[in-house]
Amino acid sequence: MADHYEVLGVARDATPDEIKKAYRRLARELHPDVNPGAEASERFKQVTHAYDVLSDPKQRQQYDLGGQGGFGGQGFGGFGDIFETFFGAGQQTRGPRSRRERGQDALIRVEVGLDEVIFGTHRDIEVDTAITCQTCHGSCCQPGTSPVTCDICGGTGSIQRSVRSLLGNVMTSSPCGTCRGYGTIIATPCVTCQGQGRIRARRTVPVDIPAGVDTGLRLQMPGSGEAGPAGGPNGDLYLEIKVRSHDVFSRNGDDLLCTLEVAMTDAILGATTTIPALDGDVELELRAGLQSGEVLTVKDRGVTRLRGTGRGDLKVGVQVVTPTKLSSKERDLMQQFAASKKAPAPELTHFQQGLFARLRDRFLG
C-alpha cells in the first residue's frame, strides 16, 4: 500500500492547509474529466483516499502510529478492556466483522375466502422487498473490482492502543474508524446498489396456503424475507391469514354452520332437498314432523383439519316458515286439519331466546 504522504507529495509534518492544497492540485490534474486514462483514474482514487485519511486529525494520528497508539491520556478503558486483554476477548481476537448480515423478516396479511379454507389454496403474492443486487451479486463493488485492505488497521478491523493504568501498560482495541471494523474498504462501490449489495424491488412469492387455516394464524416461510446486506442470507416471510365472512355459511372450529328455511308442509310431511354447500351439492332428507331449531348434521362436509386428518361436519339448522297469507281455500283446508287433529290449547313453557339462540345452543352443544 503506497504511503499517503508520498501519494500527495507532502512531508510527514505538512500542515492541514498544505495537505489540502496538494490534494486540490492533484485532483485537478488527475480528474477523469481532464485525464480519462486508466492509470490516472487509479492514481485519482489513491489521492482521494490519502486525502480522506490525512485530512481527518484522528485518522491521521492513527496512520502516523501505523495502527498502534501511543500512551494516551484516556486512563483506564474500563474493566472490559482489561478482561479483553488478559482473556483474549478483544476485537483483535474476533477479527474484522463481516459486511454480510441476515435480512429482516417481513409480515404480509393475506385474505382468503371460506371456500378456499376447506381444501387450501395457492396464491402468487407480490412483495415489495430487498433483493440481492444483480449487478454486483451482493459484493457491493463495481464489477471487475474488489474490496481493498484498510491501511489504517491492516485488515484487522480494529485499532490497538496502549493505555497506562495502575497495572502498567494495557493494550486495548476499538473498531477502526476508517473501515468501520470491516477490515476492508469499498473503493469503487457498485453504482446500482450504492455499495449495499441489495436493492428494493417487487418480486412474486408463490404461496401454498394449507387447508384449515383461520383468521389470525401466521404461516412462516423461511428464507423468503428481505435479502441481507452484502449478499447476506434472506430473512423469513410471515403470512398473517384473514378469512372473509360468508353470506350463508359460518364456521365453528372445523364445522360449517348454516340455516335452512323449510316450508311448513315439508316440515309436516317430510321431503328431500338439495342444498349447495361450499364444496358441492348436499342432499338432505327432511323427516316428517321436523321442528324449528333442529340441527341436521352431514358428516365430513366441513373444513379440513389443519394439523390432523379428516374434516369437520356441516351442520344445518332448521327454521320452519309459517305462511302469513292464505287463500280462502287454503284457510278452509287448514281449519279442517286443525279440527281433525284436536290440538291442545296453547300453554306456557320454559322461556327461550328465539330460534337463533336455540340454534346456537344446538350448533355448539
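Tutor: Helices here are DSSP runs of H or I with at least four residues, numbered from the N terminus. This is a predicted model, in which local features need pLDDT of at least 70 and side-chain atom pairs count only at pLDDT 80 or more, while totals for chains, interfaces and linings use all residues. Residues are numbered from 1 along each chain as its sequence is written, and side-chain values use heavy atoms, with hydrogens and water left out.

Student: Which helices each supply at least two residues of the nonpolar patch?

Tutor: Those are helix H8 (264–269) and helix H9 (328–341).

Student: And which residues form that nonpolar patch?

Tutor: Ile-268, Leu-269, Leu-326, Met-334 and Phe-337 form it on the surface, with about 450 Å² of accessible area together. Met-334, which lies in helix H9, has a relative accessible area of 32%, and is therefore partly exposed (buried is under 20%, exposed over 50%, partly exposed in between, with a 1.4 Å probe and protein chains only).

Student: Switching to the cysteines, how many disulfides does the count come to?

Tutor: The count comes to zero disulfides, where a disulfide is a pair of cysteine sulfur atoms within 2.5 Å. Cys-136 is in none, as the nearest cysteine sulfur, that of Cys-193, is 3.7 Å away. Cys-141 is likewise in no disulfide, with the sulfur of Cys-140 as the nearest one at 6.5 Å.

Student: Is Cys-141 buried or exposed?

Tutor: Cys-141 is buried, because its relative accessible area is 2%; Cys-136 is buried as well, at 6%.

Key: Patch = residues over 30% accessible without salt bridge, like charges linked within 9 Å, V, L, I, M, F, W, Y side chains within 5 Å. Areas by Shrake-Rupley, 256 points an atom, 1.4 Å probe, with all protein chains shown as cover. Salt bridge = Lys/Arg side-chain N within 4 Å of Asp/Glu carboxyl O.
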